[in-house]
Amino acid sequence: MGNGTHLGKVRGLGSSGHGSHHWLQQRFTALGNILLVGFLFVSFLRLPMTDHGAVLRWASNPMVALALILMVISVFWHLRLGLTVLIEDYVHGEATRLLALVLLNFYAIGGAAYGIFAIIRIALAPAAGLAPGGM
């Protein structure tokens, strides 16, 4: 490799190998978000929003709960993918970048786990005989 030219410095290094995979994941999660958030929006339009019990009965349906869980996973995964690119491109300094990526991962995993827990709690509340708001 030559030391004098920019081309000589990068020749033979190749691509990092993860860009196209990351791009595809972002597009697939975006498609999933469109479908699942569309389902949520249409369902909310069809529900009587002033009736709390009707919304709880709707959310406790196993198929609806599964769709909501998939939506939470897809939204937080998409969020993580997009913000990872933003952090890698615009946060300077290795320590700051690493800290930002670690915090992002904790936020994405924690937020998704909390959302899934809330959906499961609503879905299982009628089976346990408990109201979702208390004991």
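Student: Why is Ser-74 called buried?

Tutor: This is a predicted model, and in it Ser-74 has a relative accessible area of 9%. Buried means under 20%, so Ser-74, at 9%, counts as buried.

Student: Okay, and where is Ser-74 found?

Tutor: Ser-74 belongs to helix α4, which covers residues 62-90.

Student: What makes the pair of Ser-74 and Thr-29 a polar contact?

Tutor: A polar atom of the Ser-74 side chain lies 3.2 Å from the backbone oxygen of Thr-29. The cut-off is within 3.5 Å, so 3.2 Å passes on distance.

Student: Which residues does Ser-74 touch, leaving out those up to four places away in sequence?

Tutor: Thr-29, Gly-32, Asn-33 and Leu-36.

Student: How do the axes of α2 and α4 cross?

Tutor: Helix α2 is residues 19-46, and its axis comes within 8 Å of the α4 axis, crossing at roughly 140°. The crossing is left-handed. Among the residues making the contact are Thr-29, Gly-32, Asn-33 and Leu-36 of α2, along with Ser-74, Trp-77 and Leu-81 of α4.

Student: What kinds of residues make up the contact of α2 with α4?

Tutor: There are 14 nonpolar, nine polar and no charged residues. Gly counts as polar here.

Student: Where is confidence lowest, and where is it highest?

Tutor: Helix α1, residues 6-10, is lowest with a mean pLDDT of 66, while α4 is highest at 96. For the protein chain the mean is 87, and 81% of its residues reach 70 or more.

How values were computed:
Residues numbered from 1 in each chain as written. Predicted model: local features only at pLDDT ≥ 70, side-chain atom pairs only at ≥ 80, totals over all residues. Heavy atoms only, no water. Helix = DSSP H or I, 4+ residues; strand = E, 2+ residues; numbered from the N terminus. Buried < 20%, exposed > 50% of the residue type's maximum accessible area, 1.4 Å probe, protein only. Polar contact = N/O pair within 3.5 Å; in protein donor to acceptor, adjacent residues only side chain to side chain. Contact = heavy atoms within 4.5 Å. Axes fitted to C-alpha atoms, helices over the stretch in contact; angles between N-to-C directions. Left-handed = near helix turned anticlockwise from the far one by under 90°. pLDDT = per-residue confidence, 0-100.
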